[in-house]
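Subject: Structure for your review

Dear colleague,

Please find the structure below, followed by a summary of what was found in it.

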Amino acid sequence: PLMEITVDADNQFYCAVDGVLFNKSMTELVCYPKKKEGVSYSVPEGVMTIRSCAFYSTELTNISFPKSLQIIESSAFRYAGELVEINLPEGLVEIGSGAFEHCNALTSITIPSSVTTMKYAICKGSNLQEFIVAPSNTYFKAVDGVLMNYDGTKIVNYPTGKVGAYTVPQGV
């Protein structure tokens, strides 16, 4: 159970701040230790990318993101089962496949207007009940909580915690 990461000050490629691993320029968050103390974390301003599996299986309930964040890679929060709320920042452009897979405490995800790319289902195997998409997003929309491409021809992600019957909209 990793509690913190330390990096030699002479390392040319990586650094650690408060036990969290970043690339040397602090533009990429590489790894948040699974057993680090605390239930909340604020990703530092300047971080542009959250790397694949960076928050894998952490016990955080709340994570706040900087305005500088542009990319959340695939499986970044996979099995972060205690994560109750996330507020994705305006400026985020890409969300990788399975980014919030098995985040069982999440009941909704709001997609900002700046998101233009989502690779496959971003959230599966969870209790997610709805997606909310900023009205000004011209790449995606939510119809009855289901994430779709903007023209309504593809279902991008059906919330696996959504209860009840569902009729696929005409045109899909």
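A residue is called buried under 20% relative accessible area, exposed over 50%, and partly exposed in between. Valine 168 in this predicted model has a relative accessibility of 47%, so this residue counts as partly exposed. Valine 168 belongs to the segment after β15 (155-157). Together with Ile155 and Val172, Val168 makes a nonpolar surface patch of about 220 Å².

Turning to charged contacts, the model contains four salt bridges. One of them pairs lysine 35 with glutamate 59, with 2.7 Å between the closest N and O atoms. Lysine 35 sits in the loop between β3 (28-31) and β4 (40-42), and glutamate 59 in the loop between β5 (49-50) and β6 (62-64); the pair, 24 residues apart, links distant parts of the chain. Lysine 35 is partly exposed at 32%, and glutamate 59 is partly exposed at 42%.

A further salt bridge joins the side chains of arginine 51 and glutamate 73 at 3.4 Å, N to O. Arginine 51 is in the loop between β5 and β6 and glutamate 73 in the loop between β7 (71-72) and β8 (85-86), so this pair ties together parts 22 residues apart in sequence.

Arginine 78 forms a salt bridge with glutamate 101, the closest N and O atoms lying 3.4 Å apart. Here the loop between β7 and β8 holds arginine 78, while glutamate 101 is in the loop between β9 (94-95) and β10 (108-111). Arginine 78 is partly exposed at 26% relative accessible area, whereas glutamate 101 is buried at 10%. Finally, salt bridges with shared partners connect Glu28, Arg51 and Glu73 into one network.

Yours sincerely

Technical notes. Residues numbered from 1 in each chain as written. Predicted model: local features only at pLDDT ≥ 70, side-chain atom pairs only at ≥ 80, totals over all residues. Heavy atoms only, no water. Patch = residues over 30% accessible without salt bridge, like charges linked within 9 Å, V, L, I, M, F, W, Y side chains within 5 Å. Areas by Shrake-Rupley, 256 points an atom, 1.4 Å probe, with all protein chains shown as cover. Helix = DSSP H or I, 4+ residues; strand = E, 2+ residues; numbered from the N terminus. Buried < 20%, exposed > 50% of the residue type's maximum accessible area, 1.4 Å probe, protein only.
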